[in-house]
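Have a look at the model first, then read on.

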Amino acid sequence: MIVTTTPTVEGHPVTQYLRVVCGETIAGVNMFKDIAAGFRNVVGGRSQAYENELIQARETALAEMVQRALELGAEGVVGVDIDYETLGTDNGMLMVTASGTAVRFSQPR
């Protein structure tokens, strides 16, 4: 499955646009990660716990989007966009959405 942020794929002409597909995930960050991130905020540096949570949420959203494209018989997803939002009263939840257009390609020449 070809997944790209571009609207086209060189050497793979799009023959059919199937529909928009999306994948979503909402991840909660637990108290221990908050404490570690708060400490990092004071002394500086990167929060590995938050970065890992973000990576996992993004990969889950992309995988869900690809799964929905496969269910349509797609060979690729073009124009992929990934968005991030925080949710909850204390912004303790991270929402990641991935969306794009499921397509079929003609056979390369």
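Which residues does Thr4 touch, not counting residues up to four places away in sequence? They are Val9, Val77, Val78, Gly79 and Val80. Keep in mind that this is a predicted model. Thr4 sits in the loop between strand S1 (2-3) and strand S2 (14-28). Its relative accessible area is 17%, so Thr4 counts as buried, the cut-off being under 20%. The side chain of Thr4 also makes a polar contact of 2.9 Å with that of Thr6.

Now for helix H2, which runs over residues 48-71. With 24 residues, H2 reaches 35 Å from its first C-alpha to its last, close to the 34 Å expected. Its buried residues are Glu53, Ala57, Ala61, Leu62, Met65, Val66 and Ala69. After H2 comes Gly73, with a positive phi near 85°.

On to the charges: the structure holds three salt bridges.

| Salt bridge | Closest N and O atoms |
|---|---|
| Glu24 and Arg68 | 3.1 Å |
| Arg68 and Glu64 | 3.2 Å |
| Arg58 and Glu59 | 3.8 Å |

Glu24 and Arg68 form a salt bridge. This pair links distant parts of the chain, with Glu24 in strand S2 and Arg68 in helix H2, 44 residues apart. Arg68 and Glu64 are both in H2, four residues apart, or about one turn of the helix. Shared partners join Glu24, Glu64 and Arg68 into one network of salt bridges. How exposed are they? Glu24 is partly exposed at 36% relative accessibility, Arg68 is partly exposed at 34%, and Glu64 is partly exposed at 25%.

How values were computed:
Residues numbered from 1 in each chain as written. Predicted model: local features only at pLDDT ≥ 70, side-chain atom pairs only at ≥ 80, totals over all residues. Heavy atoms only, no water. Helix = DSSP H or I, 4+ residues; strand = E, 2+ residues; numbered from the N terminus. Expected span 1.5 Å × (residues − 1). Buried < 20%, exposed > 50% of the residue type's maximum accessible area, 1.4 Å probe, protein only. Polar contact = N/O pair within 3.5 Å; in protein donor to acceptor, adjacent residues only side chain to side chain. Contact = heavy atoms within 4.5 Å. Salt bridge = Lys/Arg side-chain N within 4 Å of Asp/Glu carboxyl O.
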